[in-house]
Amino acid sequence: MQNRTGTSLTLNFRLLLCIPIMALTGCSGMQSALNPAGAQAGRISGLWWLFFFVLTSVYVLVLIFTIAVFFRRHRSSLPLAPELPHPPRERRAQTIVGSAVGVTVIILFVFLFAEFATGHSLQEQPEPGALQIKVTGRQWWWEVQYQDPTPSRMVTTANEIHVPVGRSVQFQLQSPDVIHSFWAPNFHGKKDLIPGHPTTLTFKATTPGTFRGQCAEYCGFQHAHMRFVIVAESTNDFQTWLEQQRQPGREPGDETEKKGKEVFMSASCVMCHTIQGTPARATVGPDLTHLGSRPFLGAGTIPNNLGHLGGWVLDPQSIKPGVHMPQNNLSPGDLRALIAYLESLK
Amino acid sequence: MTARSVIDVSRLPSTEMDHRSPIWWGNNLLLVIETTMFGLIVAAYFYFRVVDFHQWPPPRSSHNPMMLVPNPALTIPTINLAILLLSCFPAYIVDRACFRKQSVVVTLNLLITIALGMICIGLRFLEFKSLQFRWDENAYSSVVWTILGIHLAHLITGTCENALMAAWALAKGLDAKHFRDIRITTLYWFWIAGIWVLLYVMIYWFPRW
Amino acid sequence: MKHAVLILASVLLVSCKREERGFRVSPPSANEAMQGLRISTLIPGPHGTNDPSKGNALELTGDRGTNQPVHNDYEENAYAMSEGSRLFENFNCVGCHSHGGGGMGPPLMDDKWIYGSNPEQIFATIEQGRPNGMPSFRGRIPDAQVWQLAAYVRSMSGLASKSAAPGREDHLSGKKPESSTKTQSPKDSATPKPR
Amino acid sequence: MTRTSHLQIRDFKGDIPRADAEQLERVWSRPKGLLGWLVTTNHKDIGKRYIVTAFIFFLCGGLLAALMRLQLMKPENSFLGPDLYNQFFTVHGTTMMFLFAVPIMEGMGIYLVPLMLGTRNVPFPRMNTFGYYIYLLGGILLFVSLFLNVGPDAGWFAYVPLSGPHYSPGKRVDIWSQMITLTEIAALVGAVEIITAVFKHRAVGMSLNRIPMFVWAQVVTSFMVIFAMPSIMLASGVLAMDRLAHVNTHFFNPAEGGDALLYQHLFWFFGHPEVYIIFIPATGFVSTIVETFSRRKMFGYLGLVLSLVSTAFIGFGLWVHHMFATPVAELGQGFFTGASMLIAIPSGIQIFCWLTTLLTGKPQLKTPLLWVLGFIALFVLGGLTGIMLASVSLDLQVHDTFFVVAHFHYVLIGGAVFPLFGAFYYWFPKWTGRMLSEGLGKLNFWLFFIGFNLTFFPMHILGLHGMTRRIYTYVVESGWGNLNLLATIGAGVMALSVIVFLTNVFVSRKSGVIAGANPWGAPTLEWGTASPPPPYGFLYLPTVQSRDPLWSDKDSPVIVGLSNTKREVLNTTILDAMPEHRYELAIDSIWPFALALAAGGSFIGAVFNAWAIPIGAALSFLVLSLWFWRGNEPKFLLEGIQHTPSSPSHPSKRVLEETPA
């Protein structure tokens, strides 16, 4: 079962096995290494099933021998006299053990070659036309920046990545504070973001869908809530999304949204956040230009709707204790206006 | 255990001077531990050199005029190395005299070793300045100061141990057991001198090559 | 034996106060007394409608805060002061004060204080702003963060507890970290001539 | 000096002078009362203390694990906040690795190796006592700081820059690094003791191919300790220097040339050998138990010894498999993949040899063997998931997830704690003179086995479904709730099983079946003396003519002629253990305890002020000189304390009530 061609062969085995596991873990296929949606994750998943079946059969064999001891037991309570060595039996045992070790060595070499083949295919350089995305891991959220030769067409967003299906994407990973680890299990393995060591990760989405990723290296209080959404979609869907993200922040429509913008500009929001097209340009916190279009708030912690946004703005510490966003005491009127304005930024 | 035959060991010697005594093994295991520690810190030194620095040692901007190539000075360190190697000779005499149990020769040469040891410690405090950097300026200065600092700790420990042995020899005289102990401390002193030769070459000459 | 236990208990109490990670703790109570008038017309970010002093003349007579000293217990809390040092950079205080050595703004790590070195005076300075370019951050920075900044500013000249002060930062080694700064006993000094 | 190595044991003849048990008892037993407790240098006392103290830390670590499991029971749980949870998982990991696993394995070695070698004490008794007190100080430091909310919270391997001065304010990580220094000194002390004992103090006739498997495991582990511990002491010491006021070095400051990856290399160069330091003594327990309960000589003795040694060597060559996700060169990763798979071969050989011994012997399914069978079942599963982790591509998917958590619990609990429980049931009669009850033992095993699998097998699936390590909670949408609930229930069952074990110990200590010198009919020397063994160990030092002395040595001679007014043992040559010279051991002394306070105090002081190191060093050297000057004067202690030998009292009085006050 050479892993590159064998992926289809193991596919039906996998479905057979997946169903019981799926039942136990609910619909968590969105962030799972067993449900590949990218070329790289597919190869790794193929290698996984190769290892899984071979090692499970080895384990069953060892279990059989271990249980066999139960059947050869002697029920005498007093310690029996130790046996004298029995040369022919010893020699037979030596041949058995020797062959078992030989089989182990062969299996290990098969694994080693399978690993090197998969590993090498994962490392190959991306095609020249790869999409460049710079991902900066900060303490407890992801800053995502789509690179573009002309700086004005660059898109900065947070905790949300859209990738076109069928085109390889290269992520430039860096971290200004502590070690994080960028991991979208459905597409590729994880890569650590180490301060002082910028690195890259390349993968190509194959099946469209909405998936999840998470920081995999312990990075402080809210390491648990440092998640991001990764959406694989068709090329033109991706282009429309990117174009929409390039627009500056929508002007407030009605009166409350205008008041909301005023509140935003005069409260503490302006000290940390950016809304393109408005004087708010601070880069401490995430870019809120298209906050309304995002599915989640607080790096994948709570779904993005009016109620949650209000709770989040007033007291983020009760939702994500330790997060660097302070509590804000706003009057209810200001709060309602602010939220209306922020949700209007589609 | 109804044992019939017996091995009478009462006539065997009671202490041994060389590798047969357990203390010799204990001391050598300590030296293996310390050598591993120094080996790892040397590995860290080369790790910084290869991975993190383009110029080794890095230019020193906090000093004006700015020192582009702040190679460590050579005079005091070389003198210090010479004295440390010089102190190995009286230590060797002590070692041989212990076998012949000549306590006067042992005590005298031990005092010489201690004196030279104290000179080495004094020079080491001057040697820190020849590194051109404070310890908290960058990773290069941190690792170099740490190497000198840990070796200084060994110099002080070795000298104090020798002083303790000399005090015991002067106060209470030396029996076989204490001759063996003195052999152990001189062995430790040989190791301190030996390891410094390697570290000296690495710290003071490697940046120049 | 009893004294030993008492001393030990007090030491332990101090240590666990230093280590408190207060995420939702209410700041010291002095902030109502500190309202006073806004002295500087400079305000970070665009002018919002609800800034009372938008456009009106500069009142130099604003009080400099009540005279009885207020104890800012953030100065014994390591987490609060490390947040203070993070905010000191995020809110671009380094733009004028650099890392305490001063630049456009006066140095903060020396012993000369123009507007007073007590915690509530530093709080007032940040809240109300000061002439010659110190903006007023009232409404812009929540009070808890202003108190954290005040604690960090005091630790720059060694006035806060040394064991809780922030250690070396992962930046270029410009200056000694606050935990190793010698305590500079504060001295008042006149307002420098505007440059 | 007569060269005696050419003589064969048969050439010695003579009759037995009447051995004076009371005189030996008086010379070798410790003074009475608390001072006696503090000054004892008897390896059996210190070994027991290590085991009891390490087991208490195991219970504390287990309690922390239970609290963590309660927090992870359901999504968005608010039982523990992030700060407390981070402290709990860090102290859980640190306790289990540094305060439980390594010390208890060394404690078993310190207690049993001298008995198995047929000698009376470890070569440097006072250093051994010092080692225990420094370890105890490290443990107390960690748990007192946890109760004061100063518990370390950067993970048991405290990666920089999170554990650095900029992102970990306060003294939490400093306490972690000083605690590491203290416990590692104790481990190094234990290692030096065991290596010197095995080289110099083996019973006459115990040549290299007659050393019991348990002793081989201990000496191989000790060599790994000697080469691995300096790496963690350097990494944590240098991290402490980065964090300490007035020192402020830049080892790990990316802006000034420092490097976070250097910390990872230094840590894992120690980290991986550490897990083998925990596993290899467990193979010693398994070999001993398998040989005794299958009633036949161990199959493939040479194979087992060579696989121990090769595991030790390869163990130092594969630390980068903990760093496959970091930007390390691909060629390097390939080398470490190869090494990580290579190490599966020696482990495989050991498993095959044990199974062959069992299947070709007459296995008696007593509790110790039951634990060994549980070990084989679980360790092999952990080893196989380990082979999966050895491959770079798979590791990129499962690194730092609950799949890894499941893997290392299978190899650490399955691989080390199961044999350890087996060893408790096996050597408890030797320690206390009474047997642990078989009924409770089997209940304890099956509860632990079921609870363990309930807890840790679902974690494999959670890991594959994206649940990462060290998260204090998870969102509802993740769908990990059911399996985590299952794991928490499993943890409850495991806790229940440990309670069953504790009742078994406390009940059997007083009213267990009286065990004679050799209740299991075991072949090794420690079963040749009484249980519990008297302070002097053996009335006559035994000699050995084969690998299983109590089974196949018919009339091997005994050693006489050692002085009975001094604590004297016999040194033997390294290769074929012929008598070489008599060696006087030091007597009990208060200075090890004093030095532990001085050295420990200086390290704890170094958490707060850098000057504590030079001042502490000077103080420690002063205590050391007093130790050297006054330590070996027999008059000091023997006159001072009214010296009455503790009567060879009822065996049950001895063991567990000596838990530290």
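How many residues does the contact take from chain A and from chain D? This is a predicted model, in which local features need pLDDT of at least 70 and side-chain atom pairs count only at pLDDT 80 or more, while totals for chains, interfaces and linings use all residues. Residues are numbered from 1 along each chain as its sequence is written, and chains are lettered from A and ligands numbered from 1 in the order in which they are written.

The contact draws 78 residues from chain A and 81 residues from chain D, two residues being in contact if their C-beta atoms, placed from the backbone, lie within 7 Å. On the side of chain A that touches chain D, helices H1 (3-25), H2 (39-71) and H3 (87-123) and strand E7 (191-193) each supply at least two residues; helices (H or I, at least four residues) and strands (E, at least two) are DSSP runs, numbered from the N terminus. H3(A) gives the largest share of that side, 17 residues.

The bond from Val160(D) to Pro161(D) is cis, with omega near -5°, and Pro161(D) lies in the loop between helix H5 (125-147) and helix H6 (172-200) of chain D. Another cis peptide bond joins Ser531(D) and Pro532(D), with omega about -5°.

Arg470(D), not a glycine, has a positive phi of about 55°.
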